[in-house]
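This report describes one protein chain for a reader who has its sequence and structure at hand. Please look at the structure first, then read on.

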Amino acid sequence: MVNITFNGELLAENVPTNSSGGFNITVEIPFCTTCDPYQFNASDGINWVTAPFTVICPSIKVTPLNAKVGESITVEGNNFALSQPVHIYFSIQRNATYYELILVKTVSGAELNATGGFKVSVTVPSIPNDNPTDIVQVNATDNCNFATDVFDVEASITLSKSRGVAGDVVTVWGEGFRNDTTVNIQFDGT
């Protein structure tokens with residue numbers, strides 16, 4: 001009988017061997033294992049054999065890397081845990097701390113492929129951004145593993161109408177500007 005361990009954790013105990021001393025067993029890498037090199041070990045009490053194994057870090061790719069509030073972007077992820085939903089957030093990073101986590105999508109079931117990958121569209125939310133040095137990011141997590149990509153929310157304005165006569169009143173809506181600040185609005189330079 002053979003015991004199989006991974007990073008010191010017992011994954012399979014008393015695995016029977018065949019008449020030539022071989023065995024075949026499927027084991028699952030423990031959830032929340034960080035992306036690092038590890039060792040699988042197999043022992044029958046006399047023989048102790050190791051084999052290297054590297055847990056791959058998850059990653060995401062955002063396309064395009066800048067868009068306006070309300071526009072769609074694509075988030076493509078790889079190497080997330082197969083048995084867990086992946087949550088996609090927008091956030092602000094300030095001094096290595098994350099603020100304003102805004103959940104925009106949860107990916108699960110058929111949206112996840114056999115290698116923990118996905119490709120989905122999400123809508124850029126309104127993100128409070130009160131500091132010029134803040135970094136806006138798109139984050140994805142399976143509640144243990146984490147990946148991020150930097151993103152630029154473009155400021156934009158929308159008008160209540162695009163045509164009119166002199167003296168008309170037009171409402172201007174703005175998105176993507178820094179919060180708690182002032183904005184100047186001009187009409188053809190005035």
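## Salt bridges

Lys-105 and Glu-111 form a salt bridge, with their closest N and O atoms 3.4 Å apart. A salt bridge here is a side-chain nitrogen of Lys or Arg within 4 Å of a carboxyl oxygen of Asp or Glu. Lys-105 is partly exposed at 25% relative accessibility, and Glu-111 is partly exposed at 34%. The terms are set as follows: buried is under 20% relative accessible area, exposed is over 50%, and partly exposed is in between (1.4 Å probe, protein chains only).

A salt bridge also links the side chains of Asp-168 and Lys-161, at 3.3 Å from N to O. Asp-168 has a relative accessible area of 35% and is partly exposed; Lys-161, at 34%, is partly exposed. The count comes to two salt bridges.

## How the model was read

This is a predicted model, in which local features need pLDDT of at least 70 and side-chain atom pairs count only at pLDDT 80 or more, while totals for chains, interfaces and linings use all residues. Residues are numbered from 1 along each chain as its sequence is written, and side-chain values use heavy atoms, with hydrogens and water left out.

## Disulfides

How many disulfides are there? The count is two, where a disulfide is a pair of cysteine sulfur atoms within 2.5 Å. Cys-32 is joined to Cys-144, with 2.1 Å from S to S. Cys-32 is in the loop between β2 (9-15) and β3 (37-43) and Cys-144 is in the loop between β11 (135-141) and β12 (146-150), so this pair ties together parts that are 112 residues apart in sequence. Cys-32 is partly exposed at 38% relative accessible area, and Cys-144 is partly exposed at 29%.

Cys-35 and Cys-57 also form a disulfide, with sulfur atoms 1.9 Å apart. Their link is right-handed, with 80 degrees about the S-S bond. Cys-35 lies in the loop between β2 and β3, and Cys-57 in the loop between β4 (48-54) and β5 (59-63), so the pair ties together parts that are 22 residues apart in sequence. With the bonded cysteines numbered in sequence order, the pairing is 1-4, 2-3.

## The chain as a whole

The protein chain has zero helices and 15 strands. Helices (H or I, at least four residues) and strands (E, at least two) are DSSP runs, numbered from the N terminus.

The C-alpha trace spans about 95 × 35 × 20 Å along its principal axes. The radius of gyration of the chain is 25 Å, whereas a compact globule of 190 residues would have one near 16 Å. This radius is taken over C-alpha atoms, and the globule rule is 2.2 Å times the number of residues to the power 0.38. Buried residues make up 29% of the 190 residues.

## A buried threonine

Thr-5 is in strand β1 (residues 2-6). Is Thr-5 buried or exposed? Thr-5 counts as buried because its relative accessibility is 14%. Leaving aside neighbours within four places in sequence, Thr-5 is in contact (heavy atoms within 4.5 Å) with Leu-10, Leu-11, Gln-39, Phe-40 and Asn-41. Thr-5 and Phe-40 are 35 residues apart in sequence, and their C-alpha atoms are 5.8 Å apart in space.
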